[in-house]
Structures are given as structure tokens and as C-alpha cells.
Amino acid sequence: MTVVKKPKVTVVGSINMDLIVKTGKVPNQGETVLGDSFSTLPGGKGANQAVAAARLGSYVSMIGSVGNDEFGKSLINILKEEGINTNGISISEDEATGIATIIISENDNRIIVAPGANRGVTPSVVASHKELILESDVVLLQLEIPLDTVVYTTELCNENNIPVIINPAPYQALPSKVINLATYLTPNDIEAEAITMDTILHTIQEKLIITKGADGVAFYQGNEEATVPGLTVEVEDTTGAGDTFNGAFATKFGSGASLDDAILFANAAAALSVTKFGAQAGMPTEQQVNDFLKERDLAK
């Protein structure tokens, strides 16, 4: 399933530094406990999806914002090392780089996100990098940036016949025009239920690609629901699996692959991503996904 055409994917989204603490006990209010380990890892749904797409065979441009601080400089350098065009990333003098503070304990996590400079990814920022959008084979969005930016970008793509994939996470209600103009929506089970509660299912079902973790992926072909089954792997860390799926799907879809081939490839990439710790650390290359599909007798 080699990408025949190397697509141009533009990601408009968040860029964060993840601050991760592992501890045997989560402190109660007013309590201090000793943790086991601490690490800083690159994150943010937008940046994660950009890295996944780049490793899997896309020319990737990132539109986002970081602060004028060490985290911001580090995150831009990491994206550059992945071969991602960072000309669309603005440097905020007013806001710090976004962070996610993650407490991991007893196989569960608690996360606090401070968006910081991600709040500065405004419609005017996207407009100032309009050429990146217009050169794209596909544009990828998530919801860790202002919703009016998602609306503006979706409308811009529609006006210029550019496919746009929206990953509605973290979930918030989407305006009906965004749903109607999106090429595909890639919610998980919970997000899909929320979307369809607010929308008549049959009017949008062909746009839905629903990720179900270990249970695979559900989507529609015509009026018929189709599925790609889950793939059993040794799970180390599920962080970033959904972002890997989206970056992989955007890559295959942007290359001209059929819908079911693109979903099969993305499902395999997501499965591989959970075998290593860290959202971006586990993201596979195109060759690794192709080898994995051959091992499972799923290659086409």
C-alpha cells in the first residue's frame, strides 16, 4: 500500500509541550506526594497529526502558534526535524506555548491543558498563510484551536474545492455549516454519538469515519455501514493513537487511495503507534505500516 502520489497536507491546529508525571498515588487536595518520574514530550493534536502525516509520506505544512519561549523553540525544531514546513507557525509575544500537564497513575491519567498561544490561531492567521491552504491536496483540522478558525478554514477549503478532514476532538458542538462542508469527520465513539444527537444521521453518515480503538473503525459506503476490524498488538501507551489515525488517513486519502484502503492503512498505523510510549515517539513510518499489513496478510 505504498503512497503513489506524495500528497500535500496542511494541518491547522494546536502545538503543545506535554509535561508528564508518573506517580503511584494522585494527591488529594492540599496533599503533596512524591512522584516516580517526569518527562517532557512534544504534543498537541495538530502537531501530532502533522508528524504522523510526515512520517507516512506527506509533504506537510503546519499552521499554528507557539510562545516566544524555550518550549516554543524546541517544538518548532522538532517539527523541522520531521521535515515539516513550519513557515505557518507564528510566535506569540503575549502568550506562552500551550502545555498539557499529565498525571499518570494506576493505568489512568488526569490531564490539564493550558492552551496558551494556541488561542492565537485565529482566522486572520490562517488567512495570512492562505497560499499553504490553496496548494494542499487535503487540509486537516481538530478542535484545540478557536472554533471560528475551524469555521473559516472549512469555508476557505470549500470555496477552493480542497478536501477538509475534521477530527472533532476534544469534542464541542460544531456549527451545522461546518458539518455540511466537511469532507470527512473522524470522531471516536463518544464524539460520534454527540454529533449524531444534534444531527439527522442519514444526512451526514457518509462523512463519518468512527474510530473505535481496539474494535477498529466504522464507516459508511452508500447507506451500508462497513467496518475495518481492530488489530491486536502489545499496548504500551494509547496516547496519540487517534492523531496517528488522522495523519495516516489524510496521507492516503490525499494520495488518491480509495476510502477503504485509506482507512485500512490508517487503522494499521494507529495500532502500531500504541506499541511505544509517547504520542509522537510511537508514530510509524510508511514502510513500517506496509510491513505490518503484509505480516497480517492485509496488504493490497
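**Close-up views**

**View A. Asn 161 is exposed, with a relative accessible area of 71%.** Exposed here means over 50% relative accessible area, buried means under 20%, and partly exposed is in between, computed with a 1.4 Å probe on protein chains only. The model is predicted: local features need pLDDT of at least 70, side-chain atom pairs count only at pLDDT 80 or more, and totals for chains, interfaces and linings use all residues. Residues are numbered from 1 along each chain as its sequence is written, and side-chain values use heavy atoms, with hydrogens and water left out. Asn 161 sits in the loop between helix 5 (147-159) and strand 9. Helices (H or I, at least four residues) and strands (E, at least two) are DSSP runs, numbered from the N terminus. Although Asn 161 is not a glycine, its phi is positive, about 55°. Most residues other than glycine have a negative phi, and most peptide bonds are trans.

**View B. Ala 169 and Pro 170 are joined by a cis peptide bond.** The omega angle of this bond is about -10°. Pro 170 belongs to the loop between strand 9 (164-166) and helix 6.

**View C. Helix 7 (residues 189-197) has the buried residues Glu 191, Ala 192, Ala 194 and Ile 195.** Viewed down the axis of helix 7, these residues fall within an arc of 160°, so they line one face of the helix. The arc is taken over the directions from the helix axis to the C-beta atoms. The cover over the buried residues includes helix 6 (176-181), helix 8 (201-204) and strand 11 (209-211). Contact means heavy atoms within 4.5 Å. On the face turned away from the buried side, Ile 190, Glu 193 and Met 197 are exposed.

**View D. The axes of helix 9 (residues 241-254) and helix 10 (residues 259-273) come within 8 Å and cross at roughly 150°.** The axes are lines fitted to C-alpha atoms, for helices over the stretch in contact, and angles run from 0 to 180 degrees between N-to-C directions. The crossing of helix 9 and helix 10 is right-handed. A crossing is right-handed if the near helix is turned clockwise from the far one by less than a right angle, and left-handed if anticlockwise. Helix 9 contributes Ala 241, Thr 244, Phe 245, Ala 248, Phe 249, Lys 252 and Phe 253 to the contact. From helix 10 come Leu 259, Ala 262, Ile 263, Phe 265, Ala 266, Asn 267, Ala 269, Ala 270 and Ser 273. The residues of this contact comprise 12 nonpolar, 3 polar and 1 charged. Ala, Val, Leu, Ile, Met, Phe, Trp, Tyr, Cys and Pro count as nonpolar, Asp, Glu, Lys and Arg as charged, and the others, Gly among them, as polar.

**View E. Glu 286, Val 289, Asn 290, Phe 292 and Leu 293 are buried in helix 11.** Seen down the axis of helix 11, the buried residues lie within an arc of 160°, so they line one face of the helix. They pack against helix 1 (45-55) and helix 10. Lys 294 and Glu 295, on the other side of helix 11, are exposed. Asp 297 is in the segment after helix 11 (286-295) and has a positive phi near 55°, in a residue other than glycine. Asp 297 counts as exposed, at 69% relative accessibility.

**View F. Asn 118 is buried, at 2% relative accessibility.** Asn 118 lies in the loop between strand 7 (108-114) and helix 3 (123-128). Leaving aside residues up to four places away in sequence, Asn 118 touches Gly 13, Ser 14, Ile 15, Asn 16, Ser 65, Gly 98, Glu 144, Ile 145 and Pro 146.

**View G. Ile 112 is found in strand 7.** Ile 112 is exposed, at 61% relative accessibility. Not counting residues up to four places away in sequence, Ile 112 touches Ile 99, Ala 100 and Thr 101.

**View H. Val 26 is in the loop between strand 2 (16-22) and strand 3 (37-43).** With 23% relative accessibility, Val 26 counts as partly exposed. Its contacts, apart from residues up to four places away in sequence, are Ile 103, Ser 105 and Arg 110.
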